[in-house]
Amino acid sequence: MNSSSSTMNEEPDALSVVNQLRDLAADPLNRRAIVQDQGCLPGLILFMDHPNPSVVHSALLALRYLAECRANREKMKGELGMMLSLQNVIQKTTTPGETKLLASEIYDILQASNMADGDSFNEVNSRRRKAQFFLGTTNKRAKTVVLHIDGLDDTSRRNLCEEALLKIKGVISFTFQMAVQRCVVRIRSDLKAEALASAIASTKVMKAQQVVKSESGEEVTVLFYFYI
């Protein structure tokens with residue numbers, strides 16, 4: 001009777017495999033090769049649906065490491081099932097809070113991957129630790145709003161902006177791209193972009209314009225006017 005053989009092809013095996021991938025992804029020198037590999041990325045996506053929460057969390061840690069490499073983000077975002085699996089982890093009521101944070105962080109990084117380069121990853125990584133406000137939301141039918149914020153030019157202004165957005169019911173998460181004075185906000189579908197702009201205008205030192213794509217595919221800004 002070999003008890004170890006009976007467990008070898010169950011959860012411990014999945015956990016050991018995903019932990020190996022996580023440890024490999026922790027080394028920046030391996031990140032591009034892992035994403036280019038035919039099997040690693042699809043495997044990590046499958047692990048996000050695993051019944052063992054430790055396997056899911058370890059898979060997300062590996063994906064977060066891989067997303068730190070900007071060159072990986074477009075491929076990761078386009079990988080079959082990636083964004084849907086991340087949304088499923090976020091929306092699942094049984095998902096532990098820290099795992100939701102991790103999945104939301106990765107989702108936002110990949111969602112912003114086609115924006116102008118900025119320091120969005122570092123911003124979101126530091127912000128997530130203190131902003132757990134969205135964990136109780138169901139995250140149903142979220143939409144993304146891109147804001148260009150005049151006056152968003154230092155840490156104190158960013159903190160003011162954070163405080164204003166945190167007060168709005170329906171804001172799920174947000175990331176900053178300080179180099180281009182932008183904020184990418186995920187909100188409930190019933191929340192209007194005007195509410196975000198109004199909150200930012202209330203700081204008295206910043207004002208926001210929504211960035212949208214025109215019919216020709218070019219970026220244009222939508223102005224909001226408020227009486228404060």
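Leaving aside its neighbours within four places in sequence, which residues is Glu79 in contact with?

Author: Before the details, a word on the basis of what follows: this is a predicted model, in which local features need pLDDT of at least 70 and side-chain atom pairs count only at pLDDT 80 or more, while totals for chains, interfaces and linings use all residues. Residues are numbered from 1 along each chain as its sequence is written, and side-chain values use heavy atoms, with hydrogens and water left out.

Once neighbours within four places in sequence are set aside, Glu79 is in contact (heavy atoms within 4.5 Å) with Leu41, Pro42 and Ile45. Glu79 lies in the loop between α6 (70–78) and α7 (82–91), where helices (H or I, at least four residues) and strands (E, at least two) are DSSP runs numbered from the N terminus. With a relative accessible area of 19%, Glu79 is buried; buried means under 20% relative accessible area, exposed over 50%, and partly exposed in between, with a 1.4 Å probe and protein chains only.

Helix α4 covers residues 40–47, and it packs with α5 at an angle of about 140 degrees, the axes being 8 Å apart. Axes here are lines fitted to C-alpha atoms, for helices over the stretch in contact, and angles run from 0 to 180 degrees between N-to-C directions. That angle makes α4 oblique to α5, given that angles under 35 degrees count as roughly parallel, over 145 as roughly antiparallel, 65 to 115 as roughly perpendicular and the rest as oblique. The contact is formed by Leu41, Leu44 and Phe47 of α4 together with Val55, Val56, Ala59, Ala62, Leu63 and Leu66 of α5. By class, these are nine nonpolar residues, with no polar and no charged ones; Ala, Val, Leu, Ile, Met, Phe, Trp, Tyr, Cys and Pro count as nonpolar, Asp, Glu, Lys and Arg as charged, and the others, Gly among them, as polar.

Helix α5 (residues 53–67) also packs with helix α8 (residues 97–111), at an angle of about 30 degrees and with axes 10 Å apart, and α5 and α8 are therefore roughly parallel to each other. On the α5 side the contact is made by Val56, His57, Leu60, Leu61, Leu63, Arg64 and Ala67, and on the α8 side by Glu98, Thr99, Leu102, Ala103, Glu105, Ile106, Ile109 and Leu110. The residues of this contact of α5 with α8 divide into ten nonpolar, two polar and three charged.

Residues 24 or more positions apart account for 68% of the contacts with a separation of 6 or more.

As for confidence, the protein averages a pLDDT (the predictor's confidence in each residue, from 0 to 100) of 80, and 80% of the residues score at least 70. Where pLDDT is low, the predicted coordinates should not be read in detail.
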